[in-house]
Amino acid sequence: MTDVIEIRQLVKRYGEFGALRGLDLSIPAGSVFALVGASGAGKTTTLKILLNIIEPTGGTARVLGVDSRRIGPSVLQQVGYVSENQVLPVRLRVQQFFDYLRPCYHSWDEALERDLRSQLRLPPRRRIGELSHGMRLKLALACALAFRPQLLILDEPFSGLDALTRDEMIREFLREPRKMSILISSHELDEVERLATHVAFLDEGRLLFQGALTDLREHARTNLGGGNPSSSLRAIFVAMVTAARQAVAA
Amino acid sequence: MIAHVLRKDWILLWPLAVLVTAIQVGYEWTNYKLGFFTAHPVAGQLLQLMTGAWLVAIVVLSAAVVQEDTIPGVDQDWLIRPVPRTQLLMAKLLFLLLTICVPMLLVNVADALALGFPAGASIGLALYKESYVVLCLILPVMALASATRNLVELLVLMAAMVVVYAACLWVGGAFFGADRCPTCDTAISWIQHLLQHLGVLAGAIVILCLQYYRRRTQLSRGVAFAGVVVVVCLQIPWNVAFGIQSWVTGSHGGAASVSIDVDTGAAPRNTGGVVTVPLKISGVAEDEFLMADRARFTIKTDAGKILYRGTNSYRGSAPLTADRGEADSGVGTVLASMELPRSIYSHLPAAQVQLGIDYSLTVMGRTAEFKLRAVDGEVRSPALGVCQSRSSTNVVLLRCKQIGQAPVCYRATLIVPEGRHNPEVLECSADYRPYIPPPANMIAFSGLQLPTADSAGLAHYPVDPSSVNEAYIRLEVYQPRAHFQRQIQHRLTLPSPTPTPHRDGKAAS
């Protein structure tokens, strides 16, 4: 299994504040990789660096084999991105937005677009600014899936969504095999647990753990005081972060 | 991709684009209705409103289209789309060309054709003017807009730049006085302005590249502020600018026969601190006159100590003619005036001093001569454009419209067939620029007034209102023929001040 994303000693500083402190990550192709951390752990910063939206202070990140600093249109043709903070062109209508994006992607699948729009019940005549937060996320997801990306990056996609919509998104769109790798950043651990094959824990810009979910449980059992192998992701995460912070404080 | 971005921006901004076009059409209509004599009652009021609205509309539309895909920030949707940056920038520029420049070009050409100017020249000059609008207005606004998130941020940035500009002016003025800007308000100020425009254009291109290819907003804003400081502080020295002007006019050696020196047959005067020195000029042809573009005076003691140094108090160029209209041909004796500050002339020694005058002069040469009726006359010529005359209360008005370069000076005389004529009227714009169009309208508007009566009854004119219907106007137009500099050195005794009866009835000491 090759890696779609390789991160080596990634550092990002904002003045004195270190948002990322030597992060190493490898995300295997075909995996659903969850980047888990508390608010301010550095998840969004990592994703923005991967998309060349912000520049790292040090280290390297490679996406689909390309250095993140050199990511341009050819890589973005293969990467879908959905973020809770994504600023869509609010005065465009839904239909106009699809019409605008369609020619941007060589691999845009119009049949898939029709399916997605129908399943997500996106109103074509409504302006994007008039859509609810959940509907906007659905729109962004439909736009990210319609060109069949190799890599889908989701930044807090469940934030602010009701339970029904979350279920629908996971069941209908993210758990279906689509020959793509998914990198999802979230602190909604229950949803992540239903979805992810691999997980990485981040705390204050440092990596605490990365690996398959089964490896995580094994790691927790051996390193965190004989925890139950069926412990929830939430319990393991809390235990790991607490232990790490105590170690730093000591 | 350019077409898709363009289409998206059109969907979002077409109402604003239509509004901008409506303002442009309104502006041109207003100009057209103003005619030659500002006859339309509404048009005059509308013009001022339209001029401001035109500028604001262009700034707002330019900013809006750039900020549809905002550069600063990390959450914009376009950042994660496979849109090449160059194509995005080109799409924005093309949008502005299509929504601002093309309609403006069409209405400008329509106006010029309605005035009877040839189609080829009208289209060519309109294209030239639109290039100027793109380079000097649209691109700089796009650059500033690309360094801001929204219109409010843009306005704040612009306001801050104005404050920096004003502060630089104030500091420069405090340290250097009038010497801060040697060419300001002179006939060759266009050279400084051209350099400033080139600087602004270079800055705009740097900012656009920084923003669209590197997204360095802080650095871009720094470039903008540094540009303001450079624009204010980097001033072209007078002699360099005058040399450039000579090169542009192509006047090398064209004034070799002109000589200018102090007329030793007449005595200098000192009237309330204004010292006038008689000068003798020769070598000026009959169809020429001299314009004094700058006179720099130096007064030194015999030992070489500088007592005074200053430039003529008026800025800009003025015909070098005799006082009180004695001989305005530029040939003969004229008076050069220097205004000495009271603090200096009251302490100057009564002994002899060395006077030095560095003159920068222009030979204005007659390029064409026309004749038209004084009342409701019209003349058309490539050198002149279209001129019309009309009689008004105590004056005959002469107004000219020209596409492209308008004459620098007009000399007009009212004449009746039997030969009586009024004194000549000489009107100069004192601006030697090659054709650089005003941004909003490519048609230059100029004119002069020929008096036929004095409302106070003190002056009597040979051609008065009773004979104006049969009179005609002899109109001569002048263009710079040569620029040259002369240094005059003369030893003289500065005259004591004589009282000036005009200042509150008190004599100046």
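**View 1. Chain B and its contents.** Chain B holds nine helices and 15 strands (DSSP runs numbered from the N terminus: helices are H or I of at least four residues, strands are E of at least two). This is a predicted model, in which local features need pLDDT of at least 70, side-chain atom pairs count only at pLDDT 80 or more, and totals for chains, interfaces and linings use all residues. Residues are numbered from 1 along each chain as its sequence is written, and chains are lettered from A in the order in which they are written. Of the 509 residues in chain B, 34% are buried (20 or more other C-beta atoms within 10 Å of the residue's own, with C-beta atoms placed from the backbone).

**View 2. The contact between chain A and chain B.** Chain A gives 21 residues and chain B gives 15 residues (contact: C-beta atoms, placed from the backbone, within 7 Å). On the side of chain A, helix 2 (73-76), strand 6 (79-83) and helix 3 (94-101) each supply two or more residues.

**View 3. The open sheet of chain A.** Six strands line up as 6-7-8-3-9-10, with mixed pairing (strands pair if DSSP finds at least two bridges between them). Strand 6 and strand 10 (206-212) of chain A are the edges; each has a single partner strand, so one side of each lacks a neighbour in the sheet.

**View 4. Strand 3 beside strand 9 in chain A.** Strand 3 (residues 32-37) and strand 9 (residues 198-203) run parallel, joined by five bridges. Ala34(A) has Val199(A) of strand 9 as its bridge partner.

Key. Two residues are in contact if their C-beta atoms, placed from the backbone, lie within 7 Å. A residue is buried if 20 or more other C-beta atoms lie within 10 Å of its own, exposed if 12 or fewer, and partly exposed in between; C-beta atoms are placed from the backbone.
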